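The headings below follow the charged pairs, the ligand site, selected residues and the overall architecture.

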Amino acid sequence: MKTVEHLNDKRIEEIIKKCDVCFIGVVDGDMPYVLPMNFGYHNNIIYLHSAPEGRIVDILEKNANICITFSTGHELAFQHPEVACSYRMKSQSVVAWGKVQFQEDFDKKVEALNILMKQYSDKKFKYSDPAIKNVKIWEVPIDKVTCKEFGAPHEKYQGDDTVKRSF
Ligand SMILES: Cc1cc2nc3c(=O)[nH]c(=O)nc-3n(C[C@H](O)[C@H](O)[C@H](O)COP(=O)(O)OP(=O)(O)OC[C@H]3O[C@@H](n4cnc5c(N)ncnc54)[C@H](O)[C@@H]3O)c2cc1C
């Protein structure tokens with residue numbers, strides 16, 4: 001089994017779209033703080049939402065830097081069932097970095113919520129005015145992204161020049 005690094009935006013987007021949760025890492029003074037969150041993704045921007053107040057919002061108001069990890073396709077695999085170090089978790093993951101910008105515009109908040117909901121449902125939703133006013137919408141334009149696929153099939157990406165192989 002191989003680990004491949006994807007440099008192809010389309011493949012990265014496919015992996016993000018398969019996830020149902022992301023893990024957001026922020027810097028609280030000299031201590032990391034990592035939380036699971038739901039998300040939406042569109043055009044190189046990650047959308048998140050939260051309550052207007054809380055520890056995470058306090059932290060981001062001081063330091064907007066964020067690292068967001070996505071991981072999917074988890075499948076246990078091994079070469080020999082008795083050999084622990086032959087076990088691996090097949091998976092695909094994406095790590096993205098950026099800065100959180102809180103969106104205050106009413107219509108843009110609705111757009112962001114629609115993007116978020118699209119990650120989870122094909123339904124169309126309506127939101128009440130108080131619901132929009134009381135939700136904190138975060139937008140994270142991606143500054144840097146990396147993507148790895150663990151336990152990729154050997155032949156799958158042969159000839160794909162957007163993929164760098166590591167052994
Ligand atoms: C699968 C999943 C998806 C989620 N999606 C969202 C989302 O889209 N938006 C959203 O706002 N929240 C979401 N949450 C909840 C989120 O992880 C945080 O709990 C929430 O955002 C509040 O964070 P805070 O730092 O403001 O909490 P506060 O209540 O201010 O935190 C107080 C303390 O509680 C502890 N704490 C906070 N959150 C957690 C946690 N998740 N697990 C264990 N301890 C915790 C920490 O020690 C923290 O210091 C999700 C949780 C899960 C499990």
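## Salt bridges

In this predicted model, a search of the whole structure finds four salt bridges. Side chains of opposite charge can pair when their charged atoms come close. One of the bridges joins the side chains of Arg11 and Glu14, with an N to O distance of 2.7 Å. These two residues are separated by about one helical turn, because they are three residues apart in helix α1 (residues 9–18). Arg11 is buried, with a relative accessible area of 13%, whereas Glu14 is partly exposed at 43%.

Arg11 also forms a salt bridge with Glu149, and here the closest N and O atoms are 3.1 Å apart. Because Arg11 lies in helix α1 and Glu149 in strand β9 (residues 136–152), this pair ties together parts that are 138 residues apart in sequence. Glu149 is buried, with a relative accessible area of 3%.

A further salt bridge is formed by the side chains of Asp28 and Arg55, at 2.8 Å from N to O. This pair links distant parts of the chain, with Asp28 in strand β2 (residues 22–28) and Arg55 in helix α2, 27 residues apart. Asp28 is partly exposed, at 24% relative accessible area, and Arg55 counts as partly exposed at 43%. Through salt bridges that share partners, Arg11, Glu14 and Glu149 are joined into one network.

## Ligand site

Arg55 is also one of the residues surrounding the ligand; the others are Val21, Tyr33, Leu35, Pro36, Met37, Asn38, His49, Ser50, Gly54 and Ile56. By class, this shell has six nonpolar, four polar and one charged residues.

A polar backbone atom of Pro36 is 2.8 Å from an oxygen atom of the ligand. A nitrogen atom of the ligand lies 3.0 Å from a polar side-chain atom of Asn38, and a backbone N or O atom of His49 lies 2.7 Å from a ligand nitrogen. The ligand taken alone exposes 870 Å², of which the protein buries 48%. Two or more residues of the shell come from each of β3 (31–37), β5 (45–50) and α2 (55–62). The largest share, four residues, is that of β3.

## Nonpolar surface patch

Leu76, Phe78, Tyr87 and Met89 form a nonpolar patch on the surface, and their accessible area together is about 400 Å². Strands β6 (65–78) and β7 (87–99) each supply at least two residues of this patch. Phe78 belongs to strand β6 and is partly exposed, with a relative accessible area of 42%.

## Buried polar residues

Ser86 is placed in the loop between β6 and β7. This serine is buried, with a relative accessible area of 10%. A polar atom of the Ser86 side chain lies 2.9 Å from the backbone oxygen of Val83.

Lys109, in helix α3 (residues 106–118), is buried, with a relative accessible area of 6%. The C-alpha atoms of Lys109 and Lys133 are 8.7 Å apart in space, and the two residues are 24 apart in sequence.

## Overall architecture

The secondary structure comprises four helices and ten strands. From the N terminus on, the order of elements is β-α-β-β-β-β-α-β-β-β-α-α-β-β. Along the principal axes, the C-alpha atoms fill a box of roughly 55 × 40 × 30 Å. The protein has 167 residues, of which 37% count as buried.

Definitions and conventions:
Residues numbered from 1 in each chain as written. Predicted model: local features only at pLDDT ≥ 70, side-chain atom pairs only at ≥ 80, totals over all residues. Heavy atoms only, no water. Patch = residues over 30% accessible without salt bridge, like charges linked within 9 Å, V, L, I, M, F, W, Y side chains within 5 Å. Areas by Shrake-Rupley, 256 points an atom, 1.4 Å probe, with all protein chains shown as cover. Buried < 20%, exposed > 50% of the residue type's maximum accessible area, 1.4 Å probe, protein only. Near = heavy atom within 4 Å. Polar contact = N/O pair within 3.5 Å; in protein donor to acceptor, adjacent residues only side chain to side chain. Nonpolar A, V, L, I, M, F, W, Y, C, P; charged D, E, K, R; others polar.
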